[in-house]
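Hello,

Here is the structure I promised to pass on to you. Please have a look at it first, and then read on for my notes.

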Amino acid sequence: MIPEAIQKKEDKKTQSVPLTLIDYRDETFRMSFCPDLGALKTSMGEIGLINPVILRGRGERYQIVSGYRRVLAAQSLEWEGIKAALYTSDELSHCDGFLLSFYENLGTRGFNLIEASMVVAGFFEQCGQDEKQIREEVLPLLGFHSGRKIFHALQSLSHLSYEWKELVIKNEISLLNAAKISSFSSFDQRAFATVLSGLKLGENKLRESLEMTEEICKRDEISLSELFSSEHFKFLEQQGDLNITEKTEQFRKTLKAIRYPEFSRKQKKFYEHKKKLSLPPHISLAPPDSFEGDKLKITFEFHSPEELRAIVEKLDKTIEKKSLQDIFEML
Amino acid sequence: MSSFKPRKIYIDPAVLDNPLTQNILGKLADVPQEVKNHPEINLDSEPDPTAASKNIWFLTSSSGKLVKECPATPRQLCCRYRVINIITNCPIDCSYCILQGYINNPFITINVNLDDIKVQVTELLQTDPLHIFRFGTGELSDSLALEEYTGFSFHLASFFLTQQNGFFEIKTKAHHTETLLGLDPQGRVGISWSVNPEDIIQKEEKGASTLALRLKAAARCMEKGYLIGFHFDPMILYPGWEEKYHAVVSAIYASLKPDRIMWISLGGFRYPRFLKPIIRERFPQSKILCGELLPGPDGKFRYLKTLRVEMYRKIVDWIKAYNPEQFIYLCMESSEVWEKVFGFHPANRNELDRLFAERIRELWKH
């Protein structure tokens, strides 16, 4: 399974290669995505390169097989050359190079989601492996189970814009949410990134928002950009009125009102009638869940018999109010 | 020929000599066949394993109970229909089908032990000879989709004709009624079609017959002496639904005699939570999940009650305009919704069952 070239890697002598001879734009074997080189630069600046990079000759120049970030850090540190193990293109096929890079990386670090997606794409494109092989042999190595859904989600991440790839890593967005975002057009991805930049949505709320957004767009046959540029979401552009938590809540409420218009109207009507009952804050009146059923629920707390008597008297008066009748009629 | 011809048939050695098995295999001699106890099939590499499972058949027999009460939803009024699980898994691929989340075998299971089923039915009928029990095979599969190969509905209909207190309702979205037309049902056997507007059929009921074919088959069966039913289930709310469903009602009454339509049921689209991701994955173009579907006390998602009631009231009005006496019922709805739609509700499932029995007796008299 492991190619001979990789087995012989230990025997490879290393030598310093001028950075100008390395084609860092060639991403054939790249499986690293971590825009922040800060820590690596500090480390290489302090103690130099510990693990030589692996290069493959291609014409007059070299492709990076393993060590993409190290080459970028070296460039940034203005090194002239970098220590490397060199292979000729005859010694190392595309697939072998990819495998060498994969196992080298696997042994030294973990892969983030975007990198895992690059690995899957590499096994597919460079090594010609099929879905079944990748699911059964590669996904477990990446820390995933071998399900079809996971495989397709990882594959889909290649459609994410660079901005979203960064956001996925930075905000630790889950694979399934990221996959959903990757299904948007690049224009919509940008619009959604702008919307989210002013909000604070955890994983579950993001998933819920994504689902509602998708369903509204499908139902109304509009794009995501059209939805978020509508009047309903003007508050997102306004500065200062709402803090981030309030804005987030407003965002979710607005989305829900568009997604479930009849339910929201009903809810609004219920609260209007409820308000007219003038119940004190410690008595709560709730409609049946999803307005399914015809029973109201009332809850209250009290500290003393006197307090209970006062509540009972209040409720007794409430029974006669027209608004209570109105509530029953709307159920 | 129907489009539901399998790609492969596995045969349990225990049923190889069964005449029903031989009959099926004889009709499908060109399909690869393999005798195997427990077929081990891995459809994981298929792009859509659920769809692929519909092309493989396993002919076997079940020693368990195949005649059961309909798995009713808690808190909803159930009509006490008895289900005969002779075939499990359905060759029709409806986007909303709950079987997608239930079936865990990668094939269509066809139980050929019809004699055991007849024994189980007979035993149940004998428990209360004065009661009319209703049975059907349309719970875990379509009753007619594979009929041209199996002939099961024909066999069961013939059997029920000899029973005094058993009523057999064949439920389908197909139009393969040829075998049944060879039987004289004596006005005692029912065939019912699940109906939807044609655009919903095209988008959401992959493999099912068109509405026109279903109605044509219904008219032929009615002429032959079958009682005919219709199930507006699941009804889908979408822009223009009123016009579309009204047209379906009109089409029904334009081609069938109102007094031989035994009943019409109504049921809004509903789904358990686990079905949503399956529909999203298998039918990404479908819009059925975009309605105002909210979780109810039984955990199933349904259209908001106000919307359902409005939808049912309208369709009831359209139906009653053609036949004011039409027997209409709601499938899996609460007493409260019944009350809002019809102004009454059966006290419990036994009363609903009694109403069905009355209706059947009335139809059997004529």
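A word on terms before the notes: helices (H or I, at least four residues) and strands (E, at least two) are DSSP runs, numbered from the N terminus. Contact means heavy atoms within 4.5 Å. Axes are lines fitted to C-alpha atoms, for helices over the stretch in contact, and angles run from 0 to 180 degrees between N-to-C directions. Two strands count as paired if DSSP finds at least two bridges between them.

Please keep in mind that this is a predicted model, where local features need pLDDT of at least 70, side-chain atom pairs count only at pLDDT 80 or more, and totals for chains, interfaces and linings use all residues. Residues are numbered from 1 along each chain as its sequence is written, chains are lettered from A and ligands numbered from 1 in the order in which they are written, and side-chain values use heavy atoms, with hydrogens and water left out.

Let me start with the sheet in chain B. It is open, has 8 strands in the order E4-E5-E9-E10-E11-E13-E14-E18, and its pairing is mixed. Its edges are strand E4 (67-69) and strand E18 (328-330) of chain B, each pairing on one side only. From one strand to the next, the twist averages 25°. At one end of the order, E4(B) pairs with strand E5 (residues 82-84) of chain B in the antiparallel sense, over 3 bridges; here B:Glu69 stands opposite B:Arg82 in E5(B).

Two helices of chain B lie across strands of this chain. Helix H13 (residues 349-365) lies across E4, E5, strand E9 (133-136), strand E10 (166-172), E13, E14 and E18 of chain B, and runs at about 150° to E14(B). Helix H9 (residues 241-255) of chain B lies across strand E13 (227-235) and strand E14 (261-268), at about 170° to E13(B). Strand E13 of chain B also holds B:Pro234, and the peptide bond from B:Asp233 to B:Pro234 is cis, with omega near 5°.

Chain A has an open sheet too: 4 strands in the order E1-E4-E2-E3, with mixed pairing. Strand E1 (14-18) and strand E3 (61-66) of chain A are the edge strands, each pairing on one side only. Direction ignored, neighbouring strands of this sheet are turned by 55° against each other on average. E1(A) pairs with strand E4 (residues 81-87) of chain A in the antiparallel sense over 5 bridges, and A:Val17 stands opposite A:Ile82 in E4(A).

Helix H3 (residues 68-76) of chain A lies across strand E2 (53-58), E3 and E4 of chain A, at about 125° to E3(A). Helix H4 (residues 94-108) of chain A lies across E2, E3 and E4 of chain A, at about 45° to E3(A). In the loop between H3 and E4 of chain A you will find A:Glu78, whose phi is near 60°, a positive value in a residue other than glycine.

Next, the aromatic rings. Rings of Phe, Tyr and Trp (its six-membered ring) pair if their centres lie within 6.5 Å, and planes under 30 degrees apart count as stacked, over 60 as edge-to-face and the rest as tilted. By this rule there are 40 aromatic pairs over all chains. In one of them, the rings of B:Trp57 and B:Tyr149 have centres 5.6 Å apart and planes at 65°, so the pair is edge-to-face. This pair links distant parts of the chain, with B:Trp57 in strand E3 (residues 56-60) of chain B and B:Tyr149 in helix H5 of chain B, 92 residues apart.

One more spot to look at is B:Pro106, in the loop between helix H3 (99-102) and strand E8 (108-111) of chain B. Not counting residues up to four places away in sequence, B:Pro106 touches B:Ile41, B:Leu43, B:Ser53 and B:Ile56. B:Pro106 and B:Asn55 are 51 residues apart in sequence and 9.3 Å apart in space, C-alpha to C-alpha.

Best wishes
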